[in-house]
Amino acid sequence: MTKDTPAIRLDGLRKTFGSVEAVAGIDLEITDGEFFSMLGPSGSGKTTVLRLIAGFEQPTGGTVSLGGRDVTRLAPFERDVNTVFQDYALFPHMSVRENVEYGLKVRKVSRRERRERAAQALSTVRLDGYADRRPSELSGGQRQRVALARALVNRPKVLLLDEPLGALDLKLREQMQVELKQIQRDAGITFVFVTHDQEEALTMSDRVAVFDSGRLVQVGTPLEIYELPATSFVAGFVGTSNLLTGPVARELVGRDGTFSVRPEKIDVSDTGHPGVVAEVIYAGPVTRFVVDLEAGARVVVVEQNRRTGSAAAAMRGAIVRLSWDEQHVIEIKEKADAA
């Protein structure tokens, strides 16, 4: 494997289940050492792609290469990857150390080397001192880190993570997002992370692939995916977006086409497009205003909570004007596949 060889390469990857095309001819390269997320709603094909990379499913067409080696027909244990699932799958009767060592023990690695590698893996996931505990004595986040250590101890080239934070509560999930990115940096290996949570993907990833109906609709950095959505699906799925098209676009933007304006880019000001506040939604640090514009569009505006909650609530039914910078109006040019 040379420096420029991708960690993962998918060429024309397809998977059908009966008459259902779950994965529709995907071409993708993932760089060595990258934190790469596959994002999409349920049924979009992202988990099937992960299972095809792992070897748990065989493709209907196309190839899977790992480090320049075609592994399409190889069994999962013959591929230099490990998978971490949402349910952790820890052995409750074993200690943390025994759980982490288990794969090495099956492979007949010596007891001394098992101990050394398990200690190193636990240190990587910041669980020094927890080796003798049982999974039942750990928090959800700690159990997830044990599952990560068990995967890392095998020193795979690629770690596949299938919605690993889905079972955690919101605060713990946010903490683990930061920790997982740091663990990936420390381990220095390729992480491929499957999620339906847009914030999760944007927070942790070097690049994100957005899936829809078995197709790859856009690949890019979190900034590119959010600020420059390639399709109306991406604009609507990754965060909230106001889509302007038809006569509304001609009125508000001044030309034909489909355009996206993010809610936080819109200002409630003394000048601009007139409308009526239909709803006010208090959300802690921000307030969302739903505004019906005279031009015929209903748009969402997000404001930091600088005014009091009562002052914001009193705006329901008020006539306001909305303005935005031209640079924040993104034209959407639909694409069938990502480049």
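Residues are numbered from 1 along each chain as its sequence is written. Because the model is predicted, local features need pLDDT of at least 70 and side-chain atom pairs count only at pLDDT 80 or more, while totals for chains, interfaces and linings use all residues, and side-chain values use heavy atoms, leaving out hydrogens and water.

Let's start with the sheet. Four strands form an open sheet in the order β2-β1-β4-β5, with antiparallel pairing; strands are DSSP E runs of at least two residues, helices H or I runs of at least four, numbered from the N terminus, and pairing takes at least two DSSP bridges. Inside, β1 (residues 8-17) and β4 (residues 61-66) share 5 bridges, and D11 has T63 in β4 as its bridge partner.

Now, what lies across β1, β2 and β4? That is helix α1 (residues 46-54), running at about 115° to β1; axes are lines fitted to C-alpha atoms, for helices over the stretch in contact, with angles from 0 to 180 degrees between N-to-C directions. In α1, 7 of the 9 residues are buried, so the helix is largely enclosed by the rest of the structure. Buried means under 20% relative accessible area with a 1.4 Å probe, protein chains only. Just after α1, G55 has a positive phi of about 95°.

Last, the helix pair. The axes of α2 (residues 96-106) and α4 (residues 140-152) come within 7 Å and cross at roughly 30°. V96, N99 and V100 in α2 meet V146, A149 and R150 in α4, with contact meaning heavy atoms within 4.5 Å. Thanks, everyone!

Definitions and conventions:
Buried < 20%, exposed > 50% of the residue type's maximum accessible area, 1.4 Å probe, protein only.
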